[in-house]
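I opened the file today to look up the overall build of the chain and then the pairing of its strands. My notes follow the order in which I checked things.

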Amino acid sequence: MDAINQHILKCLQSNARQTNAAIGRQVGISSPAVAERIKKMEDAGVILAYQTAVSPFEVGYQLKAIITLRAFMGMLKPFLEKVKTYNEVINCYRITGNENIVMEVVLKNQKHLETFIDQLIVYGESKTQIVLSQVVKNNEIKPVR
């Protein structure tokens, strides 16, 4: 990964909707050269996707929470399949440590949170933290040197 590709990635991570011409002006290469480099990074799996970030609060959710789960014996694999069906879960990670799972969830209200936690009880012991604010948002991923 050369310096030009790193600069292109920085541009895309700050605003993926910029034109190749705009990126080219910032990086110092032509629009077709930017397009070619982006295509190569997509093909190589460096660039995984282009996504739209949606504010959960603007579409009706009032709570965001981080929930950890320590799965009961024999319940981890069933939970790993079930979690994919929960609309509340926006991110889920399998982790090391005392808990097996950490989830980022969005919920309509406290009652919705209670109902969601009740669904988790059959899979394991959960701990819930309500998110008050986001301190770092979609921080740029810089290539390892």
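The model is predicted.

Overall build. I noted 5 helices and 4 strands. From the N terminus the order is α-α-α-β-α-β-β-α-β. Along the principal axes, the C-alpha atoms fill a box of roughly 55 × 35 × 25 Å. Buried residues make up 30% of the 145 in the chain. Of the contacts with a separation of 6 or more, 62% are between residues 24 or more positions apart.

Charges. I checked the 18 positive and 13 negative charges; their mean positions lie 4 Å apart.

Strands. I then went to β3, residues 101-107. Why is strand β3 largely enclosed by the rest of the structure? I counted 6 of its 7 residues as buried, that is, under 20% relative accessible area, so the strand is largely enclosed. β3 pairs with β1 (residues 63-71) in the antiparallel sense, over 7 bridges. Within that pairing, I found Val102 of β3 as the bridge partner of Thr68. β3 also runs antiparallel to β2 (residues 89-94), joined by 5 bridges. There, Val89 has Val105 of β3 as its bridge partner. β2 and β3 form a hairpin with 6 residues between them. In the turn I noted Gly97, with a positive phi of about 105°.

Terms used. Residues numbered from 1 in each chain as written. Predicted model: local features only at pLDDT ≥ 70, side-chain atom pairs only at ≥ 80, totals over all residues. Heavy atoms only, no water. Buried < 20%, exposed > 50% of the residue type's maximum accessible area, 1.4 Å probe, protein only. Helix = DSSP H or I, 4+ residues; strand = E, 2+ residues; numbered from the N terminus. Pairing = 2+ DSSP bridges. Contact = heavy atoms within 4.5 Å. Lys, Arg positive; Asp, Glu negative; His and termini not counted. Charge placed at Lys NZ, Arg CZ, Asp CG, Glu CD.
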